[in-house]
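The exercises below go through a two-chain structure step by step, and each task is followed by a worked solution. Please try each task on the coordinates before reading on.

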Amino acid sequence: MNIQDVSPEERGNSELDDEELMRRLGYRDLGAFQALYDRYGNLVYSTVLRILRDVQTAEDMVQEIFLRIWRKPDSYVAQRGRFVTWLTSVSRNRAVDEIRSRGRRFRYETSSPEEQERELPTPEINDPALRAELADQRRLILAALARIPLEQRQIIELAYFGGLTQQEIAERLCQPLGTVKTRVRLGMQKLRAALTPEVRLEER
Amino acid sequence: MRDSSEGLDARCVEARELVDAYALGALESREAAPLQRHVSDCAQCREELGKSQRTAALLSLSVRIEQARPRLRERILAHAEKERFEIPGWRRLVPSRRVGTRAVAFGGVVALVFAVFLQAQLSNLRGDNGQLQDQLSAASSELEQQRQIVAVLSAQDTQKVAMEQVSLRSQAESVYNWSPVNDAGFIVCRNFPAPAPGRVYQVWFVAGGRAEPVATFLPQNGGCQIPMDMSRMNWRPDGIGISVEAQGGSSRPTRPWFSYAWFNEASSGGGSHDMRMGIWAAAIGP
């Protein structure tokens, strides 16, 4: 499809906020869909790629996620939180479902927040303001993660990005289940405390 | 954790120990189901779970941004273009709060006009003799159903969940709307295939391993509007399912779900796959 196929009024969609774009999807506004993809396509791709570790599978999943939104825009309820965190949560959950259904053939490895920080900045998002906002948030979240003891951070990442349950983490790390549970709670408490302003931002 | 558990009853203490793991999707389904039931009744624990889920959701924003190949964009937009007019927007069928008050008002007016029409029909029927008793009863029932739908549509707290269709080949779509204030909800559906002779669709509320029958229906031209009065229910369902059953309905689901929805899936920080499978297991039963 060429950009010329989109009507002039639809081309102005890039200036609309996420909620308005989602509302327009209900009216089959292809320009709104295109604007959403341009805004978040790379973020969704990066989220599922981190979990799946396979470019082809990640691309197929990005397609599935965006077309699902196109088909059922009502699945997003604005009152429950910001669109971007809903979208990345949906992407994460779908990717985790995929690795679970494949019997965990994928191997998940964690890298330290410091290593990830060194990889900055690479965002290729069209909107400069959004790019700056997401980059700032990423730095804050990585900084919060860096303040958590390694053993707690590792378990949080294995659960969230590896799709492992506490029981599976205990087996994989050869740790008592009680230890894993305690580290999940302590790590999340510290993360929540460090990210209080960001967590409040998510509230509607 | 010790400080935050002071003054809480035992179930809340237990729930608080699980909310973080649940938000990360790290609970086994057998642990998640009791937590789901508890937070549906406990506002404080629900709030704690919400904070954990919002924290976990932020983790997604920590990923390093990779550049997807341009051809992926072209592929997705081409698919969307192809489907553009194949899937009518749900809003034309079911106004939601996000559409704005005008659309909600329109939906309410349409349903009200229909209710008035039915009321007139009812009055006419009352003027006739007893041979019209069946029609009177049917019209009265439809009128009550429309009143329930109007109540849900016009409520400020109306929520909606698009139900999953199990068959990938099916064109069927269904949405569950409900209003906690009105203790009422309804399902709208479209493109539902006619069931085999002697069979009907049956709607179920589900929680844990329990499934309660709600209503049976046959789609009209593929569509349906099934109202549900929940005012007499003394338990809170975790999900809703539709299965195909023998005419007259069954006391428990005997076939796999045709479609279903898990109410907390959208807001769940994880475990959705397990939850869905849990409902499936409840449907097909041991």
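**Exercise 1: The side of chain A that touches chain B**

In this model, 69 residues of chain A are in contact with 53 residues of chain B, where contact means that the C-beta atoms of two residues, placed from the backbone, lie within 7 Å. The model is predicted, so that local features need pLDDT of at least 70 and side-chain atom pairs count only at pLDDT 80 or more, while totals for chains, interfaces and linings use all residues. Residues are numbered from 1 along each chain as its sequence is written, with chains lettered from A and ligands numbered from 1 in the order in which they are written.

Task: find which helix gives the most to the side of chain A that touches chain B, and sort the residues of that side by class.

Solution. Begin with the helices that each supply at least two residues, among them H3 (30-52), H5 (83-101) and H10 (177-194) of chain A; helices are DSSP runs of H or I with at least four residues, strands are runs of E with at least two, and both are numbered from the N terminus. H3(A) gives the most, with twelve residues. The residues of this side of chain A then divide into 29 nonpolar, 20 polar and 20 charged, counting Ala, Val, Leu, Ile, Met, Phe, Trp, Tyr, Cys and Pro as nonpolar, Asp, Glu, Lys and Arg as charged, and the others, Gly among them, as polar.

**Exercise 2: A helix pair across the chains**

Task: describe how H10(A) and H4(B) cross, and name the residues that make the contact.

Solution. The axes of H10(A) and H4 (residues 43-59) of chain B come within 10 Å and cross at roughly 80°, the axes being lines fitted to C-alpha atoms, for helices over the stretch in contact, with angles from 0 to 180 degrees between N-to-C directions. H10(A) is therefore roughly perpendicular to H4(B), a term that covers 65 to 115 degrees. On one side the contact is made by A:Met188, A:Leu191 and A:Arg192, and on the other by B:Lys51, B:Ser52 and B:Thr55.

**Exercise 3: A sheet in chain B**

Task: give the strand order of the open sheet in chain B and identify its edges.

Solution. The four strands have the order S1-S3-S4-S7, with antiparallel pairing, and two strands pair if DSSP finds at least two bridges between them. S1 (159-162) and S7 (224-229) of chain B stand at the edges, because each has a single partner strand. S1(B) pairs with S3 (residues 173-179) of chain B over four bridges, and B:Val175 in S3(B) is the bridge partner of B:Ala162.

Conventions. Parallel < 35°, antiparallel > 145°, perpendicular 65-115°, else oblique.
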